[in-house]
Amino acid sequence: KARTNCRQVQAHTFSLKNRISATFPYRLLSPERAKTQSVVGASQLQIRTMFKQLMCYLPVWAFLSSVVAGVSPEDLEKWYGSTSGLAMAPAEAHRLAQETARPLTLSGVDVSTLNALKNAMADPSGLDLGLTDIQKNVVHFAEQHISPDKLKTLFDTLTSSYTLHGGLGYSKDKGQWLTLRLAVALADVEELKAIYQVQYGYSGLGFKQNVAQDTSVRLAEFGVDAATYKETYLTQTKQGKSVLQAMDIAFDESVKADLQGLVKRYAKDGKSYTAAEFQQYYTTNWYNEWQAAPLEKRLSTDRKAYTANQFSRHFGGAWASKYRASKEATQLRLADDGKTYTMQDFQGYYHDDWQQKWWSAPELPCQECKPYERDLTMDSKFVV
């Protein structure tokens with residue numbers, strides 16, 4: 001019975017982790033100090049009873065410490081103002097540290113995470129952003145859990161040559177801002193490369209490079225099945241459709257076929273729908289609504305939430321059955337009022353603007369998830 005009660009206590013505490021994190025944003029009393037303060041003046045029987053209770057709560061204390069340890073305003077201010085960080089003026093570094101300490105703590109971000117992203121953005125052999133652009137973007141990217149590797153891979157794919165690497169061949173300047181745009185949209189690098197190679201190059205459909213580039217970027221933002229695009233385009237042109245008509249039809253069908261049609265996004269009503277359902281409801285303007293809609297995530301065996309693309313990369317051929325069987329994650333984000341809300345709460349709070357607000361809000365662990373790990377360099381197969 002005692003073991004059962006312990007499990008109930010711990011399970012209940014884990015389910016309340018986000019509210020607890022919001023209440024205690026930095027540090028909790030250590031188990032040792034709690035034990036010392038609790039037993040002062042107690043009888044031996046009370047001591048034994050409380051010691052047993054303490055043993056029950058120790059895993060909970062360890063859990064809570066990992067959730068709320070966070071990053072202090074002092075550490076952030078030091079990094080924001082340092083030459084190895086964002087090199088901000090003292091007053092600006094102080095202001096930003098005070099504003100971002102709590103959101104970053106709740107997002108599981110520390111200075112090492114920020115520094116890794118900053119280094120990826122500043123890498124002279126890679127993205128090579130200027131300091132102003134880094135200052136504008138690094139905190140937001142950290143709150144969205146976008147990995148340094150994702151930035152590097154996107155930039156390399158966008159700017160490398162087709163002949164040597166199968167890349168899109170954009171200029172450095174255009175590759176920089178497209179990298180930021182696609183990273184925030186959670187575009188998949190392999191899908192981007194695949195749809196470009198379907199349209200351009202030796203085995204492609206013969207599109208001009210600029211057409212293939214722009215179409216590929218647009219489709220990568222939506223999610224696309226490259227094979228369906230090619231097959232549909234060829235079928236439509238054989239049936240007498242013009243190039244533009246065939247492209248439009250192939251566009252629609254390839255987005256609906258992405259990842260076996262299992263991808264869902266959240267429409268303005270706060271409910272999740274497939275691309276086919278979006279098209280049926282919104283008709284001609286459906287793809288703009290689809291692009292604006294946040295992605296559904298589902299729980300994996302590690303008690304973290306992932307998109308269908310992440311399931312696909314991690315589980316290979318078995319991904320679809322695992323994804324279907326997994327529970328939809330109740331995603332959480334931090335609103336402008338400093339409170340934690342679900343997607344449906346955002347919809348009720350912001351009304352028609354909720355999707356745009358959701359994309360820009362700090363991402364928190366889902367209701368069913370375990371807290372973010374202090375080291376946010378995620379498993380290489382589970383990269384956002």
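The legends below describe close-up views of a predicted model, in which local features need pLDDT of at least 70, side-chain atom pairs count only at pLDDT 80 or more, and totals for chains, interfaces and linings use all residues. Residues are numbered from 1 along each chain as its sequence is written, and side-chain values use heavy atoms, with hydrogens and water left out.

View 1. K118 lies in helix α7, residues 111-122 (helices are DSSP runs of H or I with at least four residues, numbered from the N terminus). K118 is buried and has no salt bridge, the nearest side chain of opposite charge being D128, 11 Å away; buried means under 20% relative accessible area with a 1.4 Å probe, protein chains only, and a salt bridge requires a side-chain nitrogen of Lys or Arg within 4 Å of a carboxyl oxygen of Asp or Glu. The K118 side chain does reach the backbone oxygen of S84, at 3.4 Å.

**View 2. The aromatic pair Y281 and Y282.** The ring centres of Y281 and Y282 are 4.9 Å apart and their planes stand at 85°, so the pair is edge-to-face (ring centres within 6.5 Å, planes over 60 degrees apart). Y281 counts as exposed because its relative accessibility is 65%, the cut-off being over 50%.

**View 3. F311, Y323 and R298.** F311 and Y323 form an edge-to-face pair, 5.1 Å centre to centre with 80° between the planes, and both residues are buried. The charged end of R298 sits over the Y323 ring, 4.7 Å from its centre (CZ of Arg within 6 Å of the ring centre and within 35 degrees of the ring normal).

Terms used
Helices (H or I, at least four residues) and strands (E, at least two) are DSSP runs, numbered from the N terminus. Lys and Arg count as positive and Asp and Glu as negative; His and the chain ends are not counted. A polar contact is a pair of N or O atoms within 3.5 Å; within protein, one must be able to donate a hydrogen and the other to accept it, and residues adjacent in sequence count only if both atoms are side-chain atoms. Rings of Phe, Tyr and Trp (its six-membered ring) pair if their centres lie within 6.5 Å; planes under 30 degrees apart count as stacked, over 60 as edge-to-face and the rest as tilted.
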